[in-house]
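Q: Please take a close look at the packing in this part of the model. Keep it brisk and spell out the terms.

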Amino acid sequence: MTQVLFSPSRYIQGAGEIRKLGDYCVQLGAKGALAIVDPFILTRYQEDIAHSFAVSSIPLVLTEFQGECSRNQVERIIQSFDPQTVDVILGIGGGKTLDTAKAVSHFAALPVIIVPTVASTDAPCSALAVLYTDDGDFDSYLPLLRNPDVVIADVELIAKAPARLLAAGMGDALSTYYEARACRSSGARTYAGGTGSIAAYSLAKACLETILAEGEEAMFDVKLGESSPAVEHIIEANIYLSGIGFESGGLAAAHAIHNGLSQLEECRGMLHGEKVAFATIAQLMLEQVPEKEIDRVIGFCRKVGLPVTMKELGLSGIERNRLMLAAEASCSEDSPMHNMPFPVNAAKVLEAILAADRRGSLYPTH
């Protein structure tokens, strides 16, 4: 099968990048910009953002993200600006703000610059947006025609976000290599539309090696609100290495099990990456990998505060039949579970989840 690698046209990471946004729009040839900004970020960085565009002599329309990343919201924003005066869209903030910017750019047929202000998932680089209803319920996935034109990570800004968000990003990134490895073994088709390439697999492997080597140090630094080489490397791993690795390397059991667990109301308060971290352990149990590999993953999760037991996911005492519902959902017809290199059914998934819980319980909390 054809190999396909998806990626943003440019990935930029450094300190103080939010004060250079106007210049990056100039590099795209923009004459006017619309920025969709998270309310928290707008409150604290509006002056910096506006100044960068003023210096670059680019008219800027600032729109505060409110509500949900819904079709109605996207349409409202598109109707709010003159397409004759805006030729680039920016999304500055967390996941829903960024997905709204992606969707607006998609339907308005304009380039988009994505500026994540947390490193909690690998979604900023992807050619996908998740749409919700106005009430916050899941609506649909919106496949985009291309990846973002530019992704800009300001390490100073991201380092000030809560440490739990960085840990969640590492939980999401933790699965990237193991899922890419499974897809490589099975020859599965990735979200990029082909089999995984050497480049995608290499990035996925570099992602794992980086978070295992520097994740604990990075967590220590962000708890102090500081940036450091370790924080910079983890931001790159969470956003870029994992982003390219998952999209072009493939998803498998870890994200399938995450999707199943997300059906359980008890753990809906957990972050995406926290559920993926536990689901990665379950995938390793499903694969019956060597003990040393499981020990390394669980030990890492313990060091950075990621859940390794069902209790830590809010599922303590859950009835077996309800856990089976999650296992069944993880094996749905369109699930990435079918990218595994061997047949998997709900009964096997349930046993893998229970085995992961038993194994995680052997590791004391720090």
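A: An axis here is a line fitted to C-alpha atoms, for helices over the stretch in contact, and angles run from 0 to 180 degrees between N-to-C directions. Helices (H or I, at least four residues) and strands (E, at least two) are DSSP runs, numbered from the N terminus. This is a predicted model, where local features need pLDDT of at least 70, side-chain atom pairs count only at pLDDT 80 or more, and totals for chains, interfaces and linings use all residues. Residues are numbered from 1 along each chain as its sequence is written, and side-chain values use heavy atoms, without hydrogens or water.

Start with α7 (residues 198–223) and α8 (residues 229–249). Their axes come within 7 Å and cross at roughly 150°. The pair is therefore roughly antiparallel (over 145 degrees; under 35 is roughly parallel, 65 to 115 roughly perpendicular, the rest oblique). Ala, Val, Leu, Ile, Met, Phe, Trp, Tyr, Cys and Pro count as nonpolar, Asp, Glu, Lys and Arg as charged, and the others, Gly among them, as polar.

Next, α6 (residues 163–186) packs on α10 (residues 272–287). Their axes lie 7 Å apart, at an angle of about 30°. So α6 and α10 are roughly parallel. This crossing is left-handed too. On the α6 side, the contact residues include Arg164, Asp172, Tyr178 and Arg181. On the α10 side they include His272, Glu274, Gln283 and Glu287. By class, the α6 contact with α10 has seven nonpolar, six polar and six charged residues.

α13 has 15 residues and reaches 21 Å from first C-alpha to last, close to the 21 Å expected (1.5 Å times one less than its number of residues). Of those 15 residues, 11 are buried (under 20% relative accessible area; exposed is over 50%, partly exposed in between; 1.4 Å probe, protein chains only). Among them are Val349, Leu350, Ile353 and Leu354, and also Asp357 and Arg359.

Gln288 is found between α10 and α11. Gln288 has a positive phi of about 55°, yet is not a glycine. At 70% relative accessibility, Gln288 counts as exposed.

Technical notes:
Left-handed = near helix turned anticlockwise from the far one by under 90°. Contact = heavy atoms within 4.5 Å.
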